[in-house]
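Thanks for coming, everyone. Please have the sequence and the model open while I talk. I'll go from the strands to the side chains.

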Amino acid sequence: MKEVTVKELEALKSSGTDFQLIDVREPNEFEIAEIGGELIPMNSVPQNVDKFSKDEQVVVHCRSGKRSGDVISWLEANHGFENLYNLKGGILAWADEIDPSVQKY
């Protein structure tokens, strides 16, 4: 599985490059802390496959990287995606390394 670090994501966000950032956490987690991604909770991914771009880089994240990795594995195996990247360490790594104002939970 391809991964990006939080530092790579920060560079991607500031570069103006077109990419998609998808958050697969639950809505209550999104309310606690978010980093600008589109919320598609893990359990709703099968009904929302069409919301994942196949034309540009897609970075998928969750709290720590486990759920997003599971979503990526499922999308690659069942829908042929080749442009998905897991955010290594998830939003916790973002809070530790990039923005300490993001609440950890």
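Val-58 stands opposite Leu-84 in strand S5. Keep in mind that this is a predicted model. Strands S4 and S5 pair in the parallel sense, over three bridges. What do S4, H3 and S5 make together? They make a right-handed β-α-β unit.

S5 has another partner. Strand S1, residues 3–4, is joined to S5 by two bridges. These strands also run parallel. Here Val-4 stands opposite Leu-87 in S5.

Next, the rings. How many aromatic pairs does the structure hold? It holds one. The ring centres of Phe-52 and Phe-81 lie 6.3 Å apart, with the planes at 70°. Planes over 60 degrees apart count as edge-to-face, so this pair is edge-to-face. Now find the two residues on the chain. Phe-52 is in the loop between strand S3, residues 38–39, and strand S4, residues 57–61. Phe-81 is in the loop between helix H3, residues 66–79, and strand S5, residues 84–87.

The charged end of Lys-54 sits over its ring, 4.7 Å from the centre. There is a further example elsewhere. The charged end of Arg-63 sits over the ring of Tyr-105, at 5.4 Å from the ring centre.

Now Glu-56. This residue is found in the loop between S3 and S4.

On to the salt bridges. The count comes to four. I'll show you some of them.

Take Asp-23 and Arg-25. They form a salt bridge, with the closest N and O atoms 2.7 Å apart. Asp-23 is buried, and so is Arg-25.

Then Glu-29 and Arg-67. Their side chains meet in a salt bridge at 2.8 Å, N to O. Where do the partners sit? Glu-29 is in helix H2, residues 27–32, and Arg-67 is in helix H3. They are 38 residues apart, and the pair links distant parts of the chain. Glu-29 has a relative accessible area of 9%, so it is buried. Arg-67 counts as partly exposed, because its relative accessibility is 23%.

One more bridge. The side chains of Lys-104 and Asp-96 meet at 2.6 Å, N to O. Lys-104 is partly exposed, because its relative accessible area is 46%. Asp-96 has 54%, so it is exposed.

Let me recap. S4, H3 and S5 make the right-handed β-α-β unit. Helices H2 and H3 are linked by the bridge between Glu-29 and Arg-67. That's my tour. Thank you.

Note on methods:
Residues are numbered from 1 along each chain as its sequence is written. This is a predicted model: local features need pLDDT of at least 70, side-chain atom pairs count only at pLDDT 80 or more; totals for chains, interfaces and linings use all residues. Side-chain values use heavy atoms; hydrogens and water are left out. Rings of Phe, Tyr and Trp (its six-membered ring) pair if their centres lie within 6.5 Å; planes under 30 degrees apart count as stacked, over 60 as edge-to-face and the rest as tilted. Helices (H or I, at least four residues) and strands (E, at least two) are DSSP runs, numbered from the N terminus. A charge sits over a ring if NZ of Lys or CZ of Arg is within 6 Å of the ring centre and within 35 degrees of the ring normal. Buried means under 20% relative accessible area, exposed over 50%, partly exposed in between (1.4 Å probe, protein chains only). Two strands pair if DSSP finds at least two bridges between them. A crossover is right-handed if, with the strands pointing away from the viewer, the path from the first strand over the helix to the second runs clockwise.
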